[in-house]
Amino acid sequence: MWRLKIADGGNDPNIYSTNNFVGRQIWEFDPDYGTPEERAEVEAARENFWKNRYRSRPAVTSCGGCRFLRGENFKQTIAQVKVEDGEEITKETATTAMRRAAHFFSALQASDGLLKMLLHWLVCSSTPFQVFCLYVTGHLDSVLPREYRKEILRYLYCHKNEDAGWDFHIEGHSTMFYITFSYICMRIIGVGLDGGKDNASARGRKWILDHGGVTFIPSWGKIWLSILGLFDWSGCNPMPQEFWFFPSFLPMHPGRMFSYCPLVYMPMSYLYGSRFVGPITPLILELKQELFLQPYNEINWKKVRHLCAKEDLYYPHSLIQDLMWDSLYICNEPLLTRWSFNKLRQKALEVTMKHIHYEDENSRYITIGCIEKSLCLLACWVENPNGDYFNKHFARIPVYIWVTEDGMTMQTFGSPAWDTSFALQALIACNMTNEIGSILKKGHEFIKESQVKENPSGLKCCLLLSMMPPEIVVQKWYGSWGSCFTYGAWFSLGGLAAAGKTYNNCLAIRRGVEFLLNSKGDDSGWGESWLSNPREGYRVP
C-alpha cells in the first residue's frame, strides 16, 4: 500500500532545506502498510473511478485525502443540507453547508500545517517526460520499480479517451503529441507491442499511423523524439542558444518572455545545440519501425520540420514565423556548426548552462514545473553524468510523484505555500475561528516557515512593481490555465483593493465587478471552461 511521508527529508545528502522540509510530501510503496480495511477502501476507490472515468475525469478522493481523514479520526457531525429546485436558500442553510465544508477541509490538513488542494491541475499524466529522462540516463529501474510502473499504467489507462488517445489536458481531445508520448512511455515501462488494457498499445499506435505518423508531432515532440533517438535533429526547427547573448533590453531577449517560456526553451536549446542523442537500444530501433509510415532512413527530415497534426495546431504558423525558422535553418545553423564559428556556439552553450544552474539553485532543484524539471535534469546529465548538478536534480524527483485512486502521475507544479495560503483565506472568510482555531494556528506556522528569508528576490520584485503606475502593471486580467478570466479578475480586484482602490474611485474595479456579475450562473455560482485559455475568450462549462 502507498504511504505518504510528510516533512521528511530522508538521508540523501543532495537535498537540503531551510525550514526542516515543511511542505515536502513523498509517496513510497510499503507492501506491509495499511490494514485490510484500508486496502479494501483504496481498491474500492480505484474501481469506482474506473467505472466512472468518462463521466468524472479528475480524481477527487485521493489516497492522500483518505490518509488525512483517517489520521484525524474525522467524522462529519454536521448534517447535510439539501435544497430542492425552486426552494429558497436561507442564511441558515448556507451557513450550515459552509460549516460542513470547512470542517471537512480542515481535516485534510497535514501534520506540518500544509492544506493541500488534493484536486490537482486537470492535466493528463506528465510522467512520460520523467520516464524518458530516466530511460536515457539509465536510472529507470532504480526510480520506478514494479509497483510504480503499475500505477503509471493505471493512470494512463484511466485517462485514455474513448477514441484510444490522450491529450495533455484530461478533458481535451486526443492529440498526436500526447498519444505518441503515452505510447512510448508504455513501451518503455514494459507494455508489449499489442499489450495494455483494452489493447491500449495497438489502438494508440493505430491512431498515430492513421493521422500520418509521428512526423506530424508538434515542435516539442520533435525535440523529445530527437533526444530519444527516434527523430533526426535536422527535422527540428532551430532553437539557437545565441539568443541569450542579446542585450536584455531587446524585445526578443528570452528574459522578456512569460516566465515559463524561457525556462522550458532554455534547457531545450542546450540539448538542441549539443545535438544530444540518447542510447540507441533495441527498443528504440523497434519504435522507429512502429511510429512512421515510411522507412526511417528514407524520411526527408528537412520537409517535416513544419508538419503538425491538425489536432495539435492551436495557432497556425504565420508566414513570418516560417520565414524566420527557414532563415535560421538554412543560413544560421550551417554557419554555427562549422569551424571557427562553432566556438560561438560552444560559448552560447556555456552561457545557457550557466542560466540553467542559476535557476536550479534558486529553486533548490525543484524548478518551476515538471516539464522544465525533466529538461534541466537531462541537460545537467549531458553536461556531466556524475556531477553534483545532476545528483541534486535526481534527488528531487520524488517530490513530483503523486498517487491517487486513478494511478500515479507527476505533479505539474509544486505549490504548498500557494495551496495553504488560499485555503487559509477561505477558512478565515468563514468566520469560524472558535471552531477551527487550531487549524488556522497550524496553517499560520506553516506560512511563516515557508517564507523566503534569504535573497527574497520575488518579494522585492513585487514591491518594486507595486510602485509603478497601474497602466503598466495591470494590462490584462487574464490567467494562464483553466478559469483564467475569473481567476485573473479575482487577483486583480484583490490587488487593487489592497492598494486602496474602491468601487467608487476606480473604473477598473467597477468594470471587474460588472464582469463577475454578468458571468454569474443561474445558481448564483461561477464556473469557467478550460477552453477559455486556448481560445482566449470567456467560456462557461
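Q: How far can you trust the model, and which helix has the highest confidence?
A: The mean pLDDT (the predictor's confidence in each residue, from 0 to 100) is 86 for the protein, and 89% of its residues reach 70 or more. As this is a predicted model, local features need pLDDT of at least 70 and side-chain atom pairs count only at 80 or more, while totals for chains, interfaces and linings use all residues. Residues are numbered from 1 along each chain as its sequence is written, and side-chain values use heavy atoms, leaving out hydrogens and water. Confidence is lowest in helix H19 (residues 470-473), at a mean of 50, and the highest mean, 97, belongs to helix H11 (residues 282-290).

Q: Where does Arg46 sit, and which residues does Arg46 touch?
A: Look in helix H1 (residues 36-51) for Arg46; helices (H or I, at least four residues) and strands (E, at least two) are DSSP runs, numbered from the N terminus. Contact means heavy atoms within 4.5 Å. Leaving aside residues up to four places away in sequence, the partners of Arg46 are Trp2, Glu151, Arg154 and Glu405.

Q: Which elements do the buried residues of H9 pack against?
A: Helix H9 (residues 219-228) is mostly covered, with 8 of its 10 residues buried. Among them are Lys222, Trp224 and Ser226. Their packing partners are helix H4 (127-137), helix H7 (176-188), helix H10 (260-274), H11 and helix H14 (370-383).

Q: What phi does Gly229 take?
A: Follow the chain to the end of H9, where Leu228 is one of the buried residues. Just after H9 comes Gly229, with a positive phi of about 90°.

Q: Which residue of E4 is the bridge partner of Trp402?
A: Strand E3 (residues 401-404) is covered on both faces, with Ile401 and Val403 buried on one side and Trp402 and Thr404 on the other. E3 pairs with strand E4 (residues 407-410) in the antiparallel sense over 4 bridges, where pairing calls for at least two DSSP bridges between strands. A hairpin of 2 residues links E3 to E4. Across this pair, the bridge partner of Trp402 is Thr409.

Notes. Buried means under 20% relative accessible area, exposed over 50%, partly exposed in between (1.4 Å probe, protein chains only).
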